[in-house]
Amino acid sequence: MTRSVTESSEHREQIKEIVMNLHKSFVEDDYKGWDLYDALLSKYYKKGSIFDSFYPRYIWTQVNKRAPINLRPLMRVPKSLNPKGLSLILRGYCKLYGLTQDQTFLDSASSVYKLIVSLRSESDYYCWGNNFDYQARNGFHPAFTPNAITTSFVANSIVDYYLITKDQEVIRILESIRSYYLETMLLFSDERGAAFRYYKENTPITYNSSAKSTETLALINAIIPDSQTSEIIKMSYSFLLKSQNDDGSWYYSSGKQGQWIDNFHTGYVLVALKHIREMLYLDFGQDEIDKGLTYHLCHHYTKDHLPRYYTGSLYPIDTHCFAQSIITLSEFSDFARAGKMAESSIKHMYNFEERFFIYSIRKHYTVRTNLLRWCNAYMFYALSLYLSLNTNQLVGRECLDG
């Protein structure tokens, strides 16, 4: 059913107001914020202490992540600058400037761009990682260890910034990022196709990370063409298509512990494949993308416009999933459903009094923490993209709400 012009206008004005509130909060905090996994920034965590081993680090991180109240002030975890969070804000500013031509957004974009460049990892290349020590189940990553995903988000935001400013200094940075992926992160390039690592030491293929890496190379290649890079992009694109499951899904990774499917990583893959195909004018892969999108729409959303976190599991209802859902649906021009997801995210996740999106609704409790990278920077970009791309088209597919 098509919404009336009045309803659509009110909806759009509400989104604009929330986007501006987020912008104001970013500026007030100097673009610093808390993160889902920032527990090891705590003043109580000391390297070399009895807490500096796998179990204390992991438990400390998970308690900080899952607690129904924000423990970070008590644990003396400071707000900090995160490269991925900043990149999402930069992309949002670029979309808003393109939409409004308001110099405020371009000035803000320039400020955030400079912060991002200042946070590059120590490397021969321009690359980025999280600004905190992170203890995962499968390994420990010191602060600013570069990885493919963080670098991809940053690089894509820098591309957006370049397309507006045409700053020639950015070209040098983009060339260095391309070298980072091709010379450090390329796992293989042979008769199987091509794939990229998540971290330099990784060998299992994280499909969404490889897709994002390839998307970034395609974006850079559109600005700085290189025939060898084009071939590797095509090989990686083909490998991702061949790695699709028979039902249209992609596992998180090729490793034994990665045989699961979720909402937002599926969105990463789908949007990346769409962009790669368009930027390289490829004449194959559309059927696989359509099949993947149908799977995503049938398995990762409820009839009342809530994003399922995993295939077959609603909880946790997560702002991160809402944001990527709005991005995915907007990129595929399903603005009617993207709008419904935006409305639902505001209804369920937005704190109107304090003007931020909360982290998650779990089965038995709610985590109302204000997280920058995971939630509010992501929603800022998602809503800005929706406003930018939405031309009141209403398109859809069969089997959308499962």
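Modeller: A cavity is a set of points, on a 1 Å grid over the protein atoms alone, where a 1.4 Å probe fits but cannot get out; points are joined across faces, edges and corners, and a volume is the space filled by probe spheres set on them. The model is predicted, so local features need pLDDT of at least 70 and side-chain atom pairs count only at pLDDT 80 or more, whereas totals for chains, interfaces and linings use all residues. Residues are numbered from 1 along each chain as its sequence is written, and side-chain values use heavy atoms, with hydrogens and water left out. By this rule, the number of cavities of 30 Å³ or more is five.

Biologist: Which helix gives the most to the lining of the largest cavity?

Modeller: The largest cavity has a volume of about 150 Å³. Of its 15 lining residues (those with an atom within 4 Å of a point), Arg91, Lys212, Val271, Ile327 and Tyr381 are the closest to the centre. Helices (DSSP runs of H or I, at least four residues) and strands (E, at least two) are numbered from the N terminus, and α3 (83-100), α5 (148-165), α7 (207-223), α9 (263-279), α11 (319-331) and α13 (372-389) each supply at least two residues of this lining. With four residues, the helix that gives the most is α9.

Biologist: Into which classes do the residues lining the second largest cavity divide?

Modeller: The second largest cavity holds about 50 Å³ of space, and its lining includes Asn208, Trp250, Asp262 and His265. Ala, Val, Leu, Ile, Met, Phe, Trp, Tyr, Cys and Pro count as nonpolar, Asp, Glu, Lys and Arg as charged, and the others, Gly among them, as polar. The lining therefore divides under this definition into six nonpolar, three polar and one charged.

Biologist: At which residue does α13 bend?

Modeller: α13 has 18 residues and reaches 24 Å from its first C-alpha to its last, close to the 26 Å expected at 1.5 Å a residue; the expected span is 1.5 Å times one less than the number of residues. Because 16 of those 18 residues are buried, α13 is largely enclosed by the rest of the structure; buried means under 20% relative accessible area, exposed over 50%, and partly exposed in between (1.4 Å probe, protein chains only). A bend is the angle between axes fitted to the seven residues ending at a residue and the seven starting there. For α13 the angle is about 30°, at Tyr378.

Biologist: Is His305 buried or exposed?

Modeller: His305 lies in the loop between α10 (286-299) and β5 (317-318). Its contacts (heavy atoms within 4.5 Å), leaving aside residues up to four places away in sequence, are Phe322, Arg337, Lys340, Met341 and Ser344. Because its relative accessibility is 18%, His305 counts as buried.

Biologist: What is the relative accessible area of Arg76?

Modeller: Arg76 is in the loop between α2 (54-66) and α3. Although Arg76 is not a glycine, its phi is positive, about 55°. Arg76 is partly exposed because its relative accessible area is 45%.

Definitions and conventions: 1 Å grid on protein atoms, 1.4 Å probe; cavity = no way out; pocket = protein on both sides within 12 Å on 5 of 7 lines; lining within 4 Å.
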